[in-house]
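Please consult the sequence and the structure while reading.

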Amino acid sequence: MDFSTDHVIFLFSILLVLGVITAKFSSRLGVPSLVFFVVVGMVLNHFIYFDNAYLTQLFGILALIIILFDGGTQTKWTHMRPILKPALSLATIGVLFTTLIIGVCAKYILHLTWLEGLLFGAIVGSTDAAAVFAVLGNKNIKRRITSTLEAESGSNDPMAIFLTISLIALIQTPESSVTGMILSFFWQMGFGLVMGVLLGVVAVWTINKINLDSSGLYPVLALSFAVLTYGMTTWFHGSGLLAVYAMAVYTGNADITYRHSISRFNEGLSWMMQILMFILLGLLVFPKELPDIAWQGLVLSVLLMFAARPVGVFISTFSMSFTFKEKIFISWAGLRGAVPIVLATYPLLAGLPNAQLIFDVVFFVVLTSALIQGSTISPLARAFGLSQGEKITVPHTLELISIGKTNTDMMEVRIQQHAAVADKIIMNLDLPDEILIAAVIRGEKLLTPKGDTEIKAGDILYIMAPKGKHKNVKRLFTVEEKHEPQHSTT
């Protein structure tokens with residue numbers, strides 16, 4: 001079907017509207033939204049012929065950069081630090097064992113060579129950040145488990161990409177050096193991590209120091225640094241996606257100006273990229289070919305969910321302080337999504353003999369994983385006692401919109417239980433003249449602060465303060481009150 005420019009723009013708008021509507025239905029039905037986005041793409045495949053694997057891969061990588069940046073900036077370092085060891089173990093050892101097990105199964109079920117079977121295992125061996133962030137983002141599951149899954153999904157892409165590219169190279173040129181590939185992996189991981197942190201420091205310094213004419217440019221600047229991080233890291237053969245995630249975590253845990261504008265911009269753009277990416281991936285699949293591989297795909301999907309992934313999780317978290325139920329849940333919540341489908345385009349572009357078969361089966365596995373696992377995560381969390389009820393979100397958001405080249409920022413501070421300012425009235429806080437409490441959020445109410453307003457534990461304060469004074473303000477409002485030791489009178 002031929003399309004004019006007007007037709008393309010109209011179709012683009014329809015895709016976005018359908019994406020938003022399906023996201024609403026998915027939350028009500030408890031099914032991951034990516035399933036509906038992919039289905040929309042598959043339906044459109046009947047009317048639009050699309051087989052450009054290069055464009056799909058390019059757009060998929062750009063979408064993953066934005067999604068990882070959004071997810072990383074929402075990750076609290078205080079939550080992530082205690083689970084780094086299990087998350088990195090899952091992202092490396094776990095992916096490796098999952099790849100080996102499902103690769104052996106794929107060799108016999110799909111009648112592939114050993115290297116092609118392992119290639120299939122490598123493609124589906126990693127969990128997907130877009131799927132994990134989307135599914136766990138609105139669920140109040142035990143923080144340690146959620147942080148582990150999010151950190152794993154954000155950091156396991158390097159292993160999957162390394163295995164995929166290395167196996168393709170071995171298939172095309174069997175005499176390739178395995179030792180060189182292993183050294184390349186450590187370079188990719190190490191260099192990616194260093195570049196991510198380094199450019200995170202540069203991004204935070206730049207965002208805080210530069211005075212832009214419009215507040216709307218700050219989110220664009222932050223996102224530009226994310227794309228720059230990927231580009232510079234991959235230029236030197238490092239892991240670009242790991243660098244983006246590390247840069248995002250550093251940026252998200254630093255004091256940056258216009259934090260709310262950056263966060264809201266990233267969230268909206270991330271949703272748009274998810275919608276378009278999964279629809280595009282659905283367009284790349286020809287539905288009439290799926291019935292031919294349905295039983296193989298279903299068997300491999302079941303083996304991945306019930307055998308390969310659990311074995312990888314139990315081995316990589318051996319002797320770590322997870323209960324049996326927690327390990328089962330981590331196994332089940334390791335969703336597959338965009339990353340495996342994007343990786344499945346690599347064999348297509350390399351022109352491997354069974355590339356289309358691998359792509360179709362990978363697509364089938366991802367779809368069944370998202371549909372079956374994604375829709376049962378909440379019931380399983382409740383059954384295992386890992387759910388903590390409804391997720392609590394801040395009911396109000398206050399943003400200081402651009403007032404020119406001002407040197408003032410609006411900060412959001414939550415008052416902890418034992419903070420020194422808790423249960424004190426504002427006039428007795430002895431605040432510096434340049435610091436002003438602009439609003440107090442208490443439960444569902446927005447209070448106008450006055451001199452006799454009492455600060456309570458759990459309150460959210462919006463504080464106007466000079467740029468560069470963030471740490472001082474946080475110290476004033478978050479330092480805990482010192483309790484004098486009680487001496488026995490006996």
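## Strand S1

In this predicted model, five of the seven residues of strand S1 (residues 408–414) are buried, so the strand is mostly covered. The partner of S1 is strand S6 (residues 460–466), and the two run antiparallel, joined by seven bridges. Within this pair, Met 410 is found opposite Met 464 of S6.

## The Sheet

S1 and S6 belong to an open sheet of four strands, in the order S1-S6-S3-S4, with antiparallel pairing. S1 and strand S4 (445–447) form the edges, each pairing on one side only. On average, neighbouring strands of the sheet are turned by 20° against each other, direction ignored.

Helix H20 (residues 470–478) packs on this sheet and touches S1, S3 and S6. The direction of H20 makes about 30° with that of S1.

## Strand S3 and Its Two Partners

Strand S3 (residues 436–442) pairs with S6 in the antiparallel sense, and five bridges link them. Ile 441 has Ile 460 of S6 as its bridge partner, while Val 440 stands opposite Leu 461 of S6. In general, side chains of a regular strand alternate between the two faces of the sheet.

S3 also pairs with S4, again in the antiparallel sense, over three bridges. Here Val 440 stands opposite Leu 447 of S4.

## The Hairpin

Which residue takes a positive phi in the hairpin of S3 and S4? Two residues lie between these strands, and Gly 443 has a positive phi near 65°.

Conventions
Residues numbered from 1 in each chain as written. Predicted model: local features only at pLDDT ≥ 70, side-chain atom pairs only at ≥ 80, totals over all residues. Heavy atoms only, no water. Buried < 20%, exposed > 50% of the residue type's maximum accessible area, 1.4 Å probe, protein only. Pairing = 2+ DSSP bridges. Axes fitted to C-alpha atoms, helices over the stretch in contact; angles between N-to-C directions. Contact = heavy atoms within 4.5 Å.
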